[in-house]
Amino acid sequence: MKQVIATVTSNEQLWGEHKVREHPKYLGAWLIRLKCPEIASEAMPGQFVMIDCGEGCTLPRPFSVHQVEEGSTISIFYAVLPNGRGTAWLSQRKAAEYVGLFGALGNGFSIHPKANKLLLVAGGNGIAPIYFLYREALKKELPVKLLYGTLDDKRCSIFPQTNVVSFTEDGTVGYKGKVTDHLPEHVDWADQIFACGPLPMYKTMAQMPELKDKHVQISLETRMACGVGVCYGCTIRTKSGLKQVCADGPVFDLHEICWDELSGL
Ligand code: FES
């Protein structure tokens, strides 16, 4: 784990403000690139960094590593909501400015040495860590399929479409419906399954008979204060006892989590 001051190399808005169900206003999504070779050289898919988000935020904020580029730069894909002080601050950063962060943290996804076909499932902003794994799998020339579910075409069209099956809730791109509606059809194809998405997606997956005997690695996104296992602010209940998302996760087996006791992810 390294603590660094990174240079912002770019910070682009991928899409802008629009209404999203439970949020009266969703201010959009951004992709920031941070030059930090110390972290980029060791970051693995599924790991995260803690970013110092300015004077208005006393605590750093966790962000999944979205990509590593040229071994020296990490990118972070993040959404800005009306009450998101940290992400609002981050969205204002310009190229050549500096941002403090530490990482890479957490256990990350692990591809079994004997696994061949990888099924990746991303719901909404869950594409952030899944895309890193998707790129790694392509680099290793492993057969990979990414099921990517979003609300509408805005979100769907920004990622390359090789081996990607798209779902939109309004039916504007790909199949109409949620990614979990069609997941059972793809389960038999896969040797290993990885997922990241909102809590309802995980709760649906945990109930699927097709996934009952499968090892499914999921990445949890929770509120964190320290990010390193000190404050116990990210504790969750699992079938093998209490765990800290930052230090024991954020990647867990789908069937290990006591989903009924989790809320507000
Ligand atoms: Fe402090 Fe996990 S955020 S223990």
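1. Helix 3 of this predicted model comprises 13 residues, and its first and last C-alpha atoms are 18 Å apart, close to the 18 Å expected at 1.5 Å a residue. The buried residues of helix 3 are Ile127, Ala128, Pro129, Ile130, Tyr131, Phe132, Leu133, Tyr134 and Ala137. After helix 3 comes Glu141, which has a positive phi, near 60 degrees.

2. The largest nonpolar core holds 68 residues, of which Val49, Ile74, Leu120, Val121 and Ile130 touch the most other members. Helix 3 (residues 127-139) supplies the largest share of this core, with eight residues. Both domain 1 (2-105) and domain 2 (118-261) are represented in this core, each by at least three residues.

3. Leaving aside residues up to four places away in sequence, Val49 is in contact with Ile39, Phe63, Val65, Leu101, Phe102, Gly103, Ala104 and Leu105.

4. The chain is divided into domain 1 (2-105) and domain 2 (118-261), and their C-alpha centres are separated by 20 Å. The contact between them takes 17 residues from domain 1 and 21 residues from domain 2. On the side of domain 1 that touches domain 2, two or more residues are given by each of strand 1 (2-15), strand 5 (48-51), strand 6 (61-64) and strand 8 (73-80). The residues on that side of domain 1 comprise 13 nonpolar and four polar, with no charged residue.

5. Two of these elements, strand 5 and strand 6, pair with each other in the antiparallel sense over four bridges. Within this pairing, Arg61 of strand 6 is the bridge partner of Ile51. Strand 6 is covered on both faces: Arg61 and Phe63 are buried on one side, as are Pro62 and Ser64 on the other.

6. A further point concerns an open sheet of seven strands, ordered 13-12-11-10-14-15-18 and mixed in its pairing. Strand 13 (175-176) and strand 18 (251-253) form the edges; each has a single partner strand, so one side of each lacks a neighbour in the sheet.

7. Strand 11 (residues 144-150) and strand 12 (residues 164-168) illustrate the parallel sense, pairing over five bridges. In this pair, Leu146 stands opposite Val164 of strand 12.

Technical notes. Residues are numbered from 1 along each chain as its sequence is written. This is a predicted model: local features need pLDDT of at least 70, side-chain atom pairs count only at pLDDT 80 or more; totals for chains, interfaces and linings use all residues. A nonpolar core is a set of buried Ala, Val, Leu, Ile, Met, Phe, Trp, Tyr and Cys residues joined through C-beta atoms within 7 Å. A residue is buried if 20 or more other C-beta atoms lie within 10 Å of its own, exposed if 12 or fewer, and partly exposed in between; C-beta atoms are placed from the backbone. Domain bounds come from an automatic or database domain assignment. Two residues are in contact if their C-beta atoms, placed from the backbone, lie within 7 Å. Ala, Val, Leu, Ile, Met, Phe, Trp, Tyr, Cys and Pro count as nonpolar, Asp, Glu, Lys and Arg as charged, and the others, Gly among them, as polar. The expected span of a helix is 1.5 Å times one less than its number of residues. Two strands pair if DSSP finds at least two bridges between them.
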